[in-house]
There are 2 protein chains.
Amino acid sequence: MERDSVGVGILGLGVIAGQVARVLRDRSGVLAGRVGCPLVLRKVKVLPDDLSRPQVKEMGAHLFTTDDEEFFTSPGIDIVVEAIGGEHPALEYLTRALSDGKHVVTSNKEVIAKHGAELLKLADQNGVVLRYEASVGGGIPLISRFRYDLVANRIEGIYAIINGTTNYILTRMAGEGADFSSVLARAQDLGYAEANPENDIEGIDAAYKLAILTSLAFHTEVRPEDIYHEGISRLSSRDFQYARELGFAIKLLAIAKESDGVVEARVHPVFIPEDSLLAKVNGVYNAVLVEGDLVDKVLFFGQGAGPLPTSSAVIADVVSAAQDVLRGISGGVRWELGPGKVIKPMSDIETSYYLRLNIADRPGILAQIAKALGDRQISISSAIQKLADRVAQTAEIVIITYPALEKSMQSALGELGRLSGVKEVSNLVRVEAL
Amino acid sequence: MERDSVGVGILGLGVIAGQVARVLRDRSGVLAGRVGCPLVLRKVKVLPDDLSRPQVKEMGAHLFTTDDEEFFTSPGIDIVVEAIGGEHPALEYLTRALSDGKHVVTSNKEVIAKHGAELLKLADQNGVVLRYEASVGGGIPLISRFRYDLVANRIEGIYAIINGTTNYILTRMAGEGADFSSVLARAQDLGYAEANPENDIEGIDAAYKLAILTSLAFHTEVRPEDIYHEGISRLSSRDFQYARELGFAIKLLAIAKESDGVVEARVHPVFIPEDSLLAKVNGVYNAVLVEGDLVDKVLFFGQGAGPLPTSSAVIADVVSAAQDVLRGISGGVRWELGPGKVIKPMSDIETSYYLRLNIADRPGILAQIAKALGDRQISISSAIQKLADRVAQTAEIVIITYPALEKSMQSALGELGRLSGVKEVSNLVRVEAL
């Protein structure tokens, strides 16, 4: 069948969806050239409140509907773009679109992280493709790297800065010696952090994205709840000061590794060497370092969010889907998840640690601490006493350990808290060599 | 037609081709899973000398031939991998394979840089696809970024470290204060530089790669001879010392920009801010920074050469071609080059400059220099006098200019050389803010 256009429907009219609609209109000539025929926006499903947006008037009210049924039965929609975010009703919308035999492009990390495996299967069954490049890393091309470019590799590790809000906060804390709460407030003012910042600062958003990347990299379903996550709110300016003195930067990293069929996946603050590339990724930028057995290290860097970069990824997926539609290609390359792999519990991971303790400033305390650690096979790489407080007769001590088991360290923390000479275990941050 | 395998033929048995053959064999199970059926190596075309290689015995002599005709008429080859490099006979081989209706995967930057446009056209005419991800940046996914991921963007600039040999040499020179010639000799011993290093150190290899990237990014044919190239052999340890003092790193960059339909493309050493990401790309690693109007900056980093990374890119292309073969997809997405764009002559580019001069150590010389520059609308941003030599009564002066036209600077250089107080124009290096 000779086609003279490919039709697009958009769910939502938030900043992402609005920008996607704008690009489809403003670059219609260029995009038609890339696809081979015009991409025509047929319908946009919005909420009643959206109807008062200037964009609705600008683009013509006939394009918009608040009615699900009208949207899904509109004729000539080959590709559905979902940019409403969140789990529901996005899941139901995607399910319907795929079941109706429409290609789907989404920027929704939550729904893909939680339901990606079933949605991909549904797409396969209906001879269409579910594309979600924009769900992780905004404009940074990532998803297709695992599906195409790195396909010959055994992926060994992923180390990712994939939350711009936290990276902005950490960059400011490192640069200014400022406190977490004051920097967060500033980030909220600037629109870099939401009014309810929990998803970002507690590592939940990063865990969603890591679930998506890990499932792709290791060909197994890794669900967000399989991923340990710890946020950045416990980091203090003191930690940044010591990190700098010791030659480290502090980043919130999403880390996944596989060895011998066992997968580990976790999100938490990490000390990384200050001369590593990831340490140089500042502000709202994101970066993903992938280790493959053939490619060694590859790193992808860019803006991980924002309407313009995200629209770039959405449109790339739309163009790709439209090329398939035009060429009459039914279905995508089958993407098979292998059998479920063992997810290593957090207690079994092994890493080095930075430990900051407030102790009584008298002889013998370090020996007690060393014993508590040594009893659990945790060796000290370096220990530095800092900031003696003459009046309170306390001092701060900073310890970097050799690699040890997480459960050993957790047990040691309990013991340290019970030592009479230890006033407070002020912070524990994991250390990665990269 | 139901297929039970996809056949591959390889031209060459050098380090890349040998590694590709090894991956096809050692990962046959994984690759069959990705493709949907086995990838079968049917024939390898080698030179007579290659027949004594251990790999020939290991893989079975029946797979190998020294005869072109036998290779091209071997039954069951769907995909031809070319990894012999160089312009000829690679061009003739690719032309024949495409004309015969075979998909082609190549790692050959020279043949693509010089003949890419005609080969892509030939592939189109024959309903097959020419893939060349491995031709630039080894294992770093780059080519497909322009064809797919960045398709909605207007590309504004490319800044690339795409020659590992020169980046290794520059990294060592910066780190050790060593001379060019001694570091080159060491790089040759380590196999990082060839016995005849001209292609690398003079920027010719980088110009080939930039021609490929520029053609993709700006949808126009840019040929290697359109690209100004200047190598690294004139850099001295003195330049690195001053760069460091001034807060810069020195890199050999391949730079391309487009504005108002005019394209500039050039390869030469550049001073870049030491805190920029590209400044942190050391040793044999490569990195490509792309500026697009939607994505802002994205950067791709990894090993730009070597058999393992390059085989990763070749196999990715082979898998992609095989998926098309298996799904019965004829031809690729048409890749149209737009009308030829104007290539800006080097004399019209505008950039800042670092200028190192050996001058007579007496009053008034700087004023002469400033006048020679000022007469040509070149403003001085900073000027520092260095290293006075009491005996010779000379001094070194280092100048950083504001952006100026290349032709103005070249004219100024002529004038500076004629000034009685200027003993030598020791070096001129362009400066990019990034």
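What share of the 434 residues in chain A is buried? In this predicted model, buried residues make up 51% of chain A, where a residue counts as buried if 20 or more other C-beta atoms lie within 10 Å of its own. The overall dimensions can be set beside that figure: a compact globule with 434 residues would have a radius of gyration near 22 Å, and the 25 Å of chain A agrees with this. Taken along the principal axes, the C-alpha atoms of chain A fill a box of roughly 85 × 45 × 35 Å. Among contacts in chain A between residues at least 6 apart in sequence, 74% join residues that are at least 24 apart.

The chain can next be read by its parts. Chain A holds 15 helices and 18 strands, and it is divided into three parts: domain 1, made of residues 6-138 together with 307-326, domain 2, covering 143-303, and domain 3, covering 350-431. The C-alpha centres of domain 1 and domain 2 of chain A lie 28 Å apart, and across the boundary between these two domains 14 residues of domain 1 are in contact with 16 residues of domain 2. On the side of domain 1 that touches domain 2, helix H6 (residues 109-125) of chain A supplies the largest share, seven residues, while the residues of that side as a whole divide into six nonpolar, four polar and four charged.

Chain A also contains an open sheet, in which six strands follow the order E3-E2-E1-E4-E5-E6 with parallel pairing. Strand E3 (64-65) and strand E6 (130-131) of chain A stand at the edges and have a single partner strand each, so one side of each is left without a neighbour in the sheet. Further inside that order, strand E4 (residues 79-82) and strand E5 (residues 103-106) of chain A run parallel and are joined by four bridges, with Val81(A) standing opposite Val105(A) in E5(A).

The last step is the relation between the two chains.

Note on methods. Residues are numbered from 1 along each chain as its sequence is written. Chains are lettered from A and ligands numbered from 1 in the order in which they are written. This is a predicted model: local features need pLDDT of at least 70, side-chain atom pairs count only at pLDDT 80 or more; totals for chains, interfaces and linings use all residues. Domain bounds come from an automatic or database domain assignment. Two residues are in contact if their C-beta atoms, placed from the backbone, lie within 7 Å. Helices (H or I, at least four residues) and strands (E, at least two) are DSSP runs, numbered from the N terminus. Ala, Val, Leu, Ile, Met, Phe, Trp, Tyr, Cys and Pro count as nonpolar, Asp, Glu, Lys and Arg as charged, and the others, Gly among them, as polar. The radius of gyration is taken over C-alpha atoms; the globule rule is 2.2 Å times the number of residues to the power 0.38. A residue is buried if 20 or more other C-beta atoms lie within 10 Å of its own, exposed if 12 or fewer, and partly exposed in between; C-beta atoms are placed from the backbone. Two strands pair if DSSP finds at least two bridges between them.
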